[in-house]
Structures are given as C-alpha cells and as structure tokens.
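Thanks for coming. I will go through one structure today, a few residues at a time, and then turn to a pocket.

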Amino acid sequence: MKPSMMDSLLGLLRIRVKRGVNLAVRDLNSSDPYVVVKMGKQKLKTRVIYNDVNPEWNEDLTLSVTDPNLKVFLTVYDHDTFTKDDKMGDAEFEIKPYINALTMHLQDLPYGTIVTTVQPSRDNCLAEGSRIIWSDGKLVQEIVLRLKHVECGEVEVQLQWIDLPGSKGL
C-alpha cells in the first residue's frame, strides 16, 4: 500500500499575515505590496494592497506541515502592472520552536500565558522577541520579521496550528 499524504502530514500551519510596517517605496511615492509565503514546495500569496507602505492584510494562509524542520520563507513584492514585480525584501523563520511548544500538550493555562519566547539572533529575522502565547485555548506565536535585502520594512505574522483528523499529528 502506498503511504498517503495524511501518513506524513503533522497538521496545518495557519499563518496570518497581519501587516507590513514602513515598507520600502518602490513606485513614485508608495508601493503596492503583497506577500509570498513558501515552505518546501508550497507557495501562497496575499492580495495586493495598493499605494500603502503600511499595509494591513490580516489574511490567513494555510500550509501543510510534514517536516517541522523546514523554514518558512516570506518575500514582499511590489505589484507592477507593466514590468516585473519588484522585490521589497524577504525574511525567513523556523517553526520548530512553535511545534516544540505544541508538543508540550498544555491545557487549562490562563489566557495570555507566555509559554516561551524566541529571541532575535543572527540566525533569524526576528525584529524583537517572538512570544508563543496560550490564547483562547490554543497556542499562537506572534512574530515581527525584519526584512532583509532592503533598506527598511517589517512584516507581522501570527502562527496558529490546526490539527487534522486522520493526520499523523505531533
């Protein structure tokens, strides 16, 4: 019998792309940013927000997780109508600390309990400490990413785990 995707699927990672802060100007005096999120062979993108260097997407992108060691790559682009879209910086982050916190099987914690904090380092793109918090009966991770390969800009995302019935689980 051939193993199905469900046999190797740990669950789903919902990445809420919340907003961009002080993104680079790539058009006359603004930009038309959107975000592309990649993990392994998966690639998802947000909608374009026109004329805004502080866009609010509040958009959920959902990735299937089979390997907790894979990094998530995030790239911001400026949408252009007639030319190739300009890159406005990129960042990457690991989901391992979040997955490790999920495997602690925490329950009944007070709302807002900080389970762990991932500190900024040379090895990550965190602009500040990233907290993994117990919120509404689930574990969420708040991340502020400092974009690389660009003069300025940050992107705020939130991670949330979705257990899938029939998947391997954590």
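In which strand is the place of Asn-58? Asn-58 belongs to strand β4, which covers residues 56-65. Before going further, please keep in mind that this is a predicted model.

I start with Asn-58 on account of its backbone. Most residues other than glycine have a negative phi. Asn-58 is not a glycine, yet its phi is positive, near 45 degrees. With a relative accessible area of 45%, Asn-58 is partly exposed.

Asn-22 also has a positive phi, of about 55 degrees, and is not a glycine either. Where is Asn-22 found? Asn-22 lies in the loop between β1, residues 11-21, and β2. Its relative accessibility is 46%, so Asn-22 counts as partly exposed.

Next, the aromatic rings. How many aromatic pairs does the count come to? The count comes to 1 aromatic pair. Its members are Tyr-34 and Tyr-77, with ring centres 5.6 Å apart and planes at 25 degrees. Planes under 30 degrees apart count as stacked, so this pair of Tyr-34 and Tyr-77 is stacked.

Are the two tyrosines buried or exposed, or something in between? Tyr-34 has a relative accessibility of 7% and therefore counts as buried. Tyr-77, at 23%, is partly exposed. The cut-off for buried is under 20%.

The charged end of Lys-45 sits over the ring of Tyr-34, 4.9 Å from the ring centre.

Staying in strand β2, we come to Met-39. At 2% relative accessibility, Met-39 counts as buried. Which residues is Met-39 in contact with, leaving aside its neighbours within four places in sequence? They are Leu-63, Ser-64, Val-65, Leu-70, Lys-71, Val-72 and Ile-95. Take Val-65 from that list. Val-65 and Met-39 are 26 residues apart along the chain, and their C-alpha atoms are separated by 8.6 Å.

Another buried residue is Ser-135, with a relative accessibility of 16%. Ser-135 is in strand β8, residues 130-135. Not counting residues up to four places away in sequence, Ser-135 touches Tyr-111 and Val-140.

What volume does the largest pocket have? The volume of the largest pocket is about 270 Å³. The lining consists of 13 residues, and the closest to the pocket centre are Leu-102, His-105, Leu-139, Trp-161 and Asp-163.

By class, 8 residues of the lining are nonpolar, 3 are polar and 2 are charged. Which elements supply at least two residues of the lining? These are α2, residues 96-102, and β9, residues 138-146. The largest share comes from α2, with 3 residues.

To recap, in the order shown. Asn-58 and Asn-22 have positive phi values. Tyr-34 and Tyr-77 form a stacked pair, and Lys-45 has its charged end over the ring of Tyr-34. Met-39 is buried, as is Ser-135. The largest pocket takes lining residues from α2 and β9, among others.

Note on methods:
Residues are numbered from 1 along each chain as its sequence is written. This is a predicted model: local features need pLDDT of at least 70, side-chain atom pairs count only at pLDDT 80 or more; totals for chains, interfaces and linings use all residues. Side-chain values use heavy atoms; hydrogens and water are left out. On a 1 Å grid over the protein atoms alone, a cavity is a set of points where a 1.4 Å probe fits but cannot get out, and a pocket is an open set with protein on both sides within 12 Å along at least five of seven lines; lining residues have an atom within 4 Å of a point. Grid points are joined across faces, edges and corners, and a volume is the space filled by probe spheres set on the points. Helices (H or I, at least four residues) and strands (E, at least two) are DSSP runs, numbered from the N terminus. Ala, Val, Leu, Ile, Met, Phe, Trp, Tyr, Cys and Pro count as nonpolar, Asp, Glu, Lys and Arg as charged, and the others, Gly among them, as polar. Rings of Phe, Tyr and Trp (its six-membered ring) pair if their centres lie within 6.5 Å; planes under 30 degrees apart count as stacked, over 60 as edge-to-face and the rest as tilted. Buried means under 20% relative accessible area, exposed over 50%, partly exposed in between (1.4 Å probe, protein chains only). A charge sits over a ring if NZ of Lys or CZ of Arg is within 6 Å of the ring centre and within 35 degrees of the ring normal. Contact means heavy atoms within 4.5 Å.
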